[in-house]
Structure formats: structure tokens, C-alpha cells
Amino acid sequence: MTTNQMRVMGSICMIVGYFLVLYVSVYWGCWIRLIGNLAMMPFAIKIKTWDIVGLEAFFSAIDMSKIIQLSL
């Protein structure tokens, strides 16, 4: 899978994840958003957009903390 395909998949996961958070399940929405953030990261690193890498890492940390909170 190329980095551009991963970026597209990541964007789709982000949209689906936000929908899930709002209307279905916060737990599963955070998981899908986390996958989307991690999938978009290689593309952002490849084109050296460090602000996007930082934002993706920040949102991933928020999603991970919520997943852990809901798991306990």
C-alpha cells in the first residue's frame, strides 16, 4: 500500500470514526480514528509536514487515553 493510499484510507477512517463517536459508540469511534491517524502519519512524514505529524500524534494520544479510560 502506498503512502497516498494510506492517506486516503486514513481520511475515510477519520470521517467514519467521528460519525461513530457522535452516533454509535465512543469506544469504537476512537479506535477507528486512531487507526486513521496512524495511517495518515507516513504520508505526512514523507512530505515533511511536521505540524501535521504533531497534530496526528496529539489526536492519537487523546484517542488512546479515551480507549484506555473506557476499557477500565
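At what angle do H2 and helix H3 pack, and how far apart are their axes? Here are some friendly notes on that and two other features.

1. Ground rules. This is a predicted model, where local features need pLDDT of at least 70, side-chain atom pairs count only at pLDDT 80 or more, and totals for chains, interfaces and linings use all residues. Residues are numbered from 1 along each chain as its sequence is written, and side-chain values use heavy atoms, leaving out hydrogens and water.

2. Helix packing. H2 and helix H3 (residues 50-71) pack at about 155°, with axes 9 Å apart. Helices here are DSSP runs of H or I, at least four residues, numbered from the N terminus; axes are lines fitted to C-alpha atoms over the stretch in contact, with angles from 0 to 180 degrees between N-to-C directions. H2 and H3 are therefore roughly antiparallel (angles over 145 degrees). H2 passes H3 in a left-handed crossing (the near helix is turned anticlockwise from the far one by less than a right angle).

3. Salt bridge. The structure holds one, defined as a side-chain nitrogen of Lys or Arg within 4 Å of a carboxyl oxygen of Asp or Glu. Arg33 and Asp63 form this bridge at 2.3 Å, N to O, linking helix H2 to helix H3 across 30 residues. Arg33 is buried at 11% relative accessible area, and Asp63 is buried at 2% (buried means under 20%, exposed over 50%, with a 1.4 Å probe and protein chains only).

4. Nonpolar patch. Met1, Met9, Trp28, Trp31 and Ile35 make a nonpolar surface patch of about 550 Å². Patch residues have over 30% relative accessible area and no salt bridge, with nonpolar side chains (Val, Leu, Ile, Met, Phe, Trp, Tyr) joined within 5 Å. Helix H2 (residues 26-46) gives the most, with three residues. Met1, in the segment before helix H1 (3-23), is exposed at 70%.

Methods
Patch = residues over 30% accessible without salt bridge, like charges linked within 9 Å, V, L, I, M, F, W, Y side chains within 5 Å. Areas by Shrake-Rupley, 256 points an atom, 1.4 Å probe, with all protein chains shown as cover. Helix = DSSP H or I, 4+ residues; strand = E, 2+ residues; numbered from the N terminus. Parallel < 35°, antiparallel > 145°, perpendicular 65-115°, else oblique.
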